[in-house]
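Thanks for coming, everyone. Please have the sequence and the model open while I talk.

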Amino acid sequence: MSLLYNDLAIFNAIEKERERQHQTLELLASENFVSQDVLEAMGSVMTNKYAEGYQGRRNYSGCEYVDVAEQLAIERLTRLFDVNYANVHPDSGAQANLAVFYALLQPGDKVLRMNLSHSGYLTHGSPTNILEKWFEIATYGVREDTHLLDYDHLEAVAKWEKPKLIVAGTSAYPRKIDFARFKEIANKVGAKLMVDMSHIAGLVAAGLHLSPIPYADVVTSTTHQTLRGPRGGIILTDHEEMFKAVNKAVFPGIQGSPLMHMIAAKAVAFNEAAQLSFKRYVRQMIENAETLVETLKQEGAVLVSGGTDTHVVLLDVRPWGLTGKAAEMLLEKVGITVNKNTIPYDPESPRVTSGVLFGTAALTTRGMKKDEMVQIAEIIAAVLKSKGNPKVLELAKETIKSICNSYPLFQHQQQQKLYVV
């Protein structure tokens, strides 16, 4: 409460953000809500400690207790994903990806990654990302008729381009990925395989999505999204030499002292993700996405790939006479937070787009289930079909406020810690 008296401007910004989160239906696929325990670790005195280096091999003294936190994070993470080695230092998924590129490649080497407009990640190399300045980038994508990954085309491109690294992992692809086929293709062309599992990490941890660990040379991920931890990154591998190279790439390659309060918070989240309640949470998250899809279809919506196997839903809004940008703005007016997103073979620019991306991780954390998903999907369809009709928007806004008040966000977390069926 001292902020209230010492820095009212920041106090007000934080409180307004708290209220926004409570009064908004968070359907951004990249966001989730952490537990009170994770928040406590993030706000702990470990933020004061400069701990350059790795546990047991620091460049500074006084690190015995932050070493404990880092070791716990590593042990919990390796158990969670059944992997031999883990680096918990990356401050973000972007830095985790950069470290892997730095560890495995030389400037000018060729990388094969998913086309950005087909749900690729900016941080796998794009004209706006530093990686494209250092490396030669080739792309693969999805079929135009099904919007499913075209593995035959991927193999043909790999044989033609002969990349040093193939990157699997997507920002908005709603279907499961065949990591075994990726590895088979990588082996045929002598490439390393990196998997970015940021969107599906929680599903993998819960055993409800194929793990990329047995197939990939190295795996990166964020620690928020479906893993429901603090904002940060991780790198996983089963290979000792790969681990050594990655460690050097992270420190001293691209980062200095790690954020020890964030590593402590990651350790808390990894422990939470190992609980049976987390598996039930992920199963509900997937069921919620399926319900959202089926209801949207009943409302006449067109979905990229026809549905979802994960928590991600990508809606093509062109049949309703909208762009992704316009749809995003309409939904924000009534209290639904989404993001505009390109669809495969999108005729619009990335700043406009023809799609809207949803994810059910955050709403599931609040405790919402099938009935709420049906209601929310009907509201989404009504708002987008209305094209801004004031009466429709006002009714939607009031209904969303009622839903949010029925699932008080922070009270729910404090009382129940995390979603438990």
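Two strands pair if DSSP finds at least two bridges between them. Helices (H or I, at least four residues) and strands (E, at least two) are DSSP runs, numbered from the N terminus. This is a predicted model, where local features need pLDDT of at least 70, side-chain atom pairs count only at pLDDT 80 or more, and totals for chains, interfaces and linings use all residues. Residues are numbered from 1 along each chain as its sequence is written, and side-chain values use heavy atoms, with hydrogens and water left out.

Start with the sheet. It is open, it has four strands, and their order is β11-β12-β15-β14 with antiparallel pairing. The edge strands are β11 (302-303) and β14, and each pairs on one side only.

Now look at β15. Its pairing with strand β12 (residues 312-316) is antiparallel and runs over five bridges. Val312 has Gly359 as its bridge partner in β15. Leu314 has Leu357 as its partner there. Strand β14 (residues 339-341) also runs antiparallel to β15, and three bridges join the two. On that side, Lys340 stands opposite Val356 of β15.

Is β15 enclosed or open? Five of the five residues in this strand (residues 355-359) are buried, so it is largely enclosed by the rest of the structure. Buried means under 20% relative accessible area, exposed over 50%, and partly exposed in between (1.4 Å probe, protein chains only). In a regular strand the side chains alternate between the two faces of the sheet. Both faces of β15 are covered: Gly355, Leu357 and Gly359 are buried on one side, Val356 and Phe358 on the other.

Next, two single residues. Thr226 sits in the loop between β9 (218-222) and β10 (233-237). Its relative accessibility is 0%, so Thr226 counts as buried. Contact means heavy atoms within 4.5 Å. Leaving out residues up to four places away in sequence, Thr226 touches residues including Asn32, His199, Ala201, Phe278 and Ala361. A polar atom of the Thr226 side chain lies 3.5 Å from the backbone nitrogen of Ala201.

Glu155 belongs to helix α7 (residues 151-161). Its relative accessibility is 11%, so Glu155 counts as buried too. What does the side chain of Glu155 make a polar contact with? The partner is the side chain of Lys188, at 2.9 Å. A polar contact is a pair of N or O atoms within 3.5 Å; within protein, one must be able to donate a hydrogen and the other to accept it, and residues adjacent in sequence count only if both atoms are side-chain atoms.

On a 1 Å grid over the protein atoms alone, a cavity is a set of points where a 1.4 Å probe fits but cannot get out; a pocket is an open set with protein on both sides within 12 Å along at least five of seven lines; lining residues have an atom within 4 Å of a point. Grid points are joined across faces, edges and corners, and a volume is the space filled by probe spheres set on the points.

How many cavities of 30 Å³ or more does a search of the whole structure find? It finds one. The largest cavity has a volume of about 110 Å³. It is lined by 15 residues, and the closest to its centre are Thr170, Tyr173, Ile177, His199 and Ile200.

The second largest pocket has a volume of about 690 Å³. Its lining has 22 residues, with Gln21, Val34, Leu39, Met42 and Phe410 nearest the centre. Helix α2 gives the most to that lining, five residues.
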